[in-house]
Amino acid sequence: MLKPYNYDNTDAMQKLTSIWPNIKYTTTLNYLGNKMQRLAPALREDNVPLDLISLIKTILAATKEISFRVSQAHLGGLMGSTLDENIQGEVQKKLDVVANELFKDILLESGFVKAISSEEEDTSVAGDEYGKYIVSFDPLDGSSNIDINSLIGTIFSIHKAPEGMSADDPDMFKQAGNKQVCAGYVLYGPSTMLVMTTGSGTHFYVLDRTHGGYLLVERNVQVPTETQEFAVNMSNQRFWQPEMQNYVSDLLLGDTGPRAKNFNMRWIAAMVGDVHRVLCRGGIFTYPMDTKKTEQPYKLRLMYEANPMAFLIEQAGGLCVTSKGRIMDIEPTSIHQRVEVILGSKKEVEACLSYYK
Ligand code: AFP
């Protein structure tokens, strides 16, 4: 019979070290010895104000519930689509709706939030008139992965609530990404992982199900400046602008072309997964402008995807741009606005941009 998981499982550690004598087990030991830093002290170390810490904890309570529901989706009849579409004309999955309701309810009841905006809502939703913050979120990014038990995640972005505006005014959300006070995502993968920044570096946390909280596993993650890996939906190649076509064609030529090195390609179809890989080992990720649907030249959403990822990537030393400039400097015109995204390893993003000059 399997023993229940035990923090002081020294037997397990002895076994591990006998199998891998050189294992870098300090992390595991720290983990088993419960010495890893918990979320709140880690945030205090970054001088995050107490009310923002409380809001972050509220958001993370929702993600723990979503993580559980995601793991039980097949058993609980939550696979498949609803009969509805969201405001952006996309068919909603049952889990999209459940995650959105969970997130919305918990945030609006918290008292910390003046309003929320979600990829799944038609417009912003008012919260507490005296709430200090506004939160934008994509409750489940990568919905097409739900039915195949593959990687999905929640993305969130926090701004200060502007003073003098009413809680039901969606214009509160028209703030550039450079005004974010916190951004992050939670990956529902083999482990549930939080990646977050409050402007003092990008840090990785893992949900420890034994005590129910997130533990800091890596502080100040850095995206390598150079890479040989790219992520793009190649099936759209013929719809891209000539500049992007030329750039990717040169990547594909590998060491026989002008880049003089071979590239590998990865595509998870969930931005959270692709950005996570870039944060872990470098790479370039792009969803460029295309002419597939003339009325919709861009796919990714500024508030729910591009801005929070830009904050995380820049805090980790990478770049996040459109072919015309920095994503976080875009002044939004609507809450469901879409943008071109090119992000990742600094030198590779610069190499891509050089094709547009
Ligand atoms: P959904 O969450 O609406 O499924 O969209 C996911 C996403 O916006 C982004 O996370 C992916 O990078 C991109 O779409 C995948 O797009 P393709 O359908 O072109 O693979």
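In what order do the five strands of the open sheet lie? The views below take up this sheet, a second sheet and the ligand site. The model is predicted, with local features requiring pLDDT of at least 70 and side-chain atom pairs counting only at pLDDT 80 or more, whereas totals for chains, interfaces and linings use all residues. Residues are numbered from 1 along each chain as its sequence is written.

**View A. The five-stranded open sheet.** The order is S12-S11-S13-S17-S15, with mixed pairing; strands are DSSP runs of E of at least two residues, and helices runs of H or I of at least four, numbered from the N terminus, and two strands pair if DSSP finds at least two bridges between them. Strands S12 (264-265) and S15 (319-321) stand at the edges with a single partner strand each, so one side of each has no neighbour in the sheet.

**View B. The pairing of S15 with S17.** S15 and S17 (residues 341-344) are antiparallel and share three bridges, and leucine 343 in S17 is the bridge partner of cysteine 320.

**View C. The eight-stranded open sheet.** Its strands follow the order S4-S3-S5-S6-S7-S8-S9-S10, again with mixed pairing, and the edge strands S4 (125-126) and S10 (213-218) each pair on one side only. S3 (residues 113-118) and S5 (residues 133-141) run parallel, joined by five bridges.

**View D. The ligand site.** Asp141, Ser143, Asn233, Ala269 and Met271 come nearest among the 12 residues around the ligand, a residue being near if its C-beta atom, placed from the backbone, lies within 6 Å. Domain 1 (10-218) and domain 2 (229-354), whose bounds come from an automatic or database domain assignment, both give residues to this shell, so the ligand lies between them.
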